[in-house]
Amino acid sequence: MQDDESAIPPSDPLTLFEVWFAEAKESEPNDANAMALATATPDGLPSVRMVLLKGHGHDGFVFYTNAESRKGEQIRANMRAALLFHWKSLRRQIRIEGPLEEVSEAEADAYFHSRPRVSQIGSAASDQSRSLPDRKVYLDRVAALEQRYPEGDIPRPPHWTGFRLSPRHIEFWHDRQYRLHDRRLFTRESADASWSNTLLYP
Ligand SMILES: Cc1cc2nc3c(=O)[nH]c(=O)nc-3n(C[C@H](O)[C@H](O)[C@H](O)COP(=O)(O)O)c2cc1C
């Protein structure tokens with residue numbers, strides 16, 4: 001059978017991520033940086049939700065959240081996670097797995113204060129993932145913060161922070177003709193080890 005296009009190259013996976021991410025930013029209608037984040041309790045109960053990728057490089061993939069949320073509690077108890085990008089318009093998927101570490105306070109402050117003021121207020125006012133008796137309770141908390149800090153930055157709540165996933169597995173999947181899809185898995189034992197890779201049956 002004739003192959004339809006070139007295969008996923010066995011190049012450096014973080015460079016390959018850059019290439020695919022750049023193409024996704026061009027092709028996706030919005031939020032090319034949206035990714036599913038899977039976490040699990042220490043006894044193995046999984047949960048998944050979308051978050052936004054807010055930084056990436058050779059040291060890992062960064063997202064920000066409320067560390068007292070459901071995901072935050074799971075992360076605190078089990079500092080490992082999996083990320084999934086699915087870029088529908090490109091028919092591509094990337095799966096990334098590895099240990100997490102919290103970003104530094106300076107990094108969290110810098111990102112928090114780079115957000116629009118209204119977003120800073122919204123997250124400072126949110127007890128993310130806890131029961132909200134009435135939406136008005138949340139809006140009142142937003143209004144109270146607006147009044148307390150009428151201008152300038154809002155202090156970052158200490159539980160609003162970021163986590164960096166240091167990749168140990170990165171798998172690229174690309175749709176190919178006749179569902180003969182292409183998969184290449186890159187693995188490494190530690191952050192400073194070199195990558196190995198293999199094709200996988202689709
Ligand atoms: C496209 C998209 C992006 C999101 N980005 C974030 C994010 O960066 N950080 C975050 O805490 N929640 C984000 N959310 C909300 C989460 O999916 C989730 O509802 C929230 O974090 C609570 O999750 P938890 O109860 O599992 O902790 C996003 C939701 C969507 C649909």
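**Ground rules.** Residues are numbered from 1 along each chain as its sequence is written, and side-chain values use heavy atoms, with hydrogens and water left out. Since I'm on a predicted model, local features need pLDDT of at least 70 and side-chain atom pairs count only at pLDDT 80 or more, while totals for chains, interfaces and linings use all residues.

**Ligand shell.** I got Asp31, Arg49, Met50, Val51, Leu52, Tyr64, Thr65, Ser69, Arg70, Lys71, Gln128 and Ser129. By class they split into four nonpolar, four polar and four charged; here Ala, Val, Leu, Ile, Met, Phe, Trp, Tyr, Cys and Pro count as nonpolar, Asp, Glu, Lys and Arg as charged, and the others, Gly among them, as polar.

**Polar contacts.** I checked for pairs of N or O atoms within 3.5 Å. A polar side-chain atom of Arg49 is 2.7 Å from a ligand oxygen. Backbone polar atoms also turn up: one of Met50 at 2.7 Å from a ligand oxygen, and one of Arg70 at 3.3 Å from a ligand oxygen. The ligand alone exposes 620 Å², and the protein buries 64% of that (Shrake-Rupley method, 1.4 Å probe).

I find the ligand in the largest pocket. "Sits in" needs more than half of its atoms within 2 Å of the grid points. A pocket is an open set of points on a 1 Å grid over the protein atoms alone, where a 1.4 Å probe fits, with protein on both sides within 12 Å along at least five of seven lines; lining residues have an atom within 4 Å of a point. Strand S2 (46–52), strand S4 (60–66) and helix H2 (70–77) each give two or more residues to the shell, and S2 gives the largest share, four. Helices (H or I, at least four residues) and strands (E, at least two) are DSSP runs.

**UniProt binding site.** The unreviewed entry puts "binding site" at Lys54, Tyr111, Arg115, Ser119, Arg179, Leu180 and His181. They span 128 residues in sequence and the farthest two C-alpha atoms are 43.6 Å apart, so they do not all gather at one spot. Lys54, Tyr111, Arg115 and Ser119 are in the lining of the largest pocket. I placed Arg115 in the loop between helix H3 (105–114) and helix H4 (117–124).

Note on methods. A residue is near a molecule or strand if one of its heavy atoms lies within 4 Å of it. A polar contact is a pair of N or O atoms within 3.5 Å; within protein, one must be able to donate a hydrogen and the other to accept it, and residues adjacent in sequence count only if both atoms are side-chain atoms. UniProt positions are given in the numbering used here, feature names are shortened, and annotations may be inferred rather than shown by experiment.
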